[in-house]
Amino acid sequence: MTSLKPKTPQTMKPATAAKKLGILLSAAPAEFQEGVVSRSELNALQAEPPAWLADLRRNGPHPKQVVAAKLGVSISGLLRNGITDPLTTAEIETLKAENPAWLEHERSVQAEVRKETQRLKQR
């Protein structure tokens, strides 16, 4: 016979929680960086973000996956063009306004990839 053990809450490292929240871990408060985050705490942060989280999501600095999504390019496209550091929302908006040739090219590449992925799904 097996005995029932009390359920322990599922926890994750701060880096995992930051990725799920779409924030840069190094920009988060120290108490977030140093602790562990339970699934229920993560759900609470997502449902009702505290001021620090809302500010990070709004102004950045943003991790590369968020920067890529906001610019409409792939992470590889960012790296090919020398964007390796996190960017703030203001820096992203400046890049969008300037619309350099590399950004236009990477957006068209990303659009082609999406079209091809869609075509393959319909097979």
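Glu-106 is buried in this predicted model, at 5% relative accessibility (buried means under 20% relative accessible area, exposed over 50%, partly exposed in between, with a 1.4 Å probe and protein chains only). Glu-106 sits in helix 8, where helices (H or I, at least four residues) and strands (E, at least two) are DSSP runs numbered from the N terminus. Leaving aside neighbours within four places in sequence, Glu-106 is in contact with Val-73, Gly-77, Arg-80 and Asn-81; contact means heavy atoms within 4.5 Å. Asn-81 is 25 residues from Glu-106 in sequence, and their C-alpha atoms are 9.3 Å apart in space.

The model is predicted: local features need pLDDT of at least 70, side-chain atom pairs count only at pLDDT 80 or more, and totals for chains, interfaces and linings use all residues. Residues are numbered from 1 along each chain as its sequence is written, and side-chain values use heavy atoms, with hydrogens and water left out.

Side chains of opposite charge can pair when their charged atoms come close. The structure holds five salt bridges, each a side-chain nitrogen of Lys or Arg within 4 Å of a carboxyl oxygen of Asp or Glu. One of them joins Arg-80 to Glu-106, with the closest N and O atoms 2.7 Å apart. This pair links distant parts of the chain. Arg-80 lies in helix 6 (residues 75-80), Glu-106 lies in helix 8 (residues 101-121), and 26 residues separate them. Arg-80 counts as exposed, at 53% relative accessibility, whereas Glu-106 is buried, with a relative accessible area of 5%.

Two further salt bridges lie within single helices. Arg-119 and Glu-116 meet at 2.6 Å, N to O. Both belong to helix 8, three residues apart, about one turn of the helix. Arg-119 is partly exposed, with a relative accessible area of 40%. Glu-116 is also partly exposed, at 37%. Arg-58 pairs with Asp-55, and here the closest N and O atoms are 3.6 Å apart. Both residues lie in helix 4 (residues 51-59), three residues apart, about one turn of the helix. Asp-55 is partly exposed, with a relative accessible area of 36%.

In soluble globular proteins, nonpolar side chains tend to be buried together. A nonpolar core is here a set of buried Ala, Val, Leu, Ile, Met, Phe, Trp, Tyr and Cys residues joined through side-chain atoms within 4.5 Å. The largest such core has 12 residues, including Met-12, Leu-21, Phe-32, Leu-45 and Leu-56. Helix 1 (14-21), helix 3 (39-47) and helix 4 each give two or more residues to this core. Helix 1 supplies the largest share, three residues. Apart from this core lies another, of 11 residues, among them Ala-68, Leu-71, Leu-87 and Trp-102. Met-12, one of the residues of the largest core, touches Ala-17, Lys-20, Val-36, Val-37, Arg-39 and Leu-42, not counting residues up to four places away in sequence.

Helix 5 (residues 64-71) packs against helix 7 (residues 89-98) at an angle of about 35°, with the axes 10 Å apart. Axes are lines fitted to C-alpha atoms, for helices over the stretch in contact, and angles run from 0 to 180 degrees between N-to-C directions. The crossing of helix 5 and helix 7 is right-handed; a crossing is left-handed if the near helix is turned anticlockwise from the far one by less than a right angle, and right-handed if clockwise. Val-67, Lys-70 and Leu-71 of helix 5 meet Ile-92, Leu-95 and Lys-96 of helix 7. The residues of this contact divide into four nonpolar, no polar and two charged (Ala, Val, Leu, Ile, Met, Phe, Trp, Tyr, Cys and Pro count as nonpolar, Asp, Glu, Lys and Arg as charged, and the others, Gly among them, as polar).
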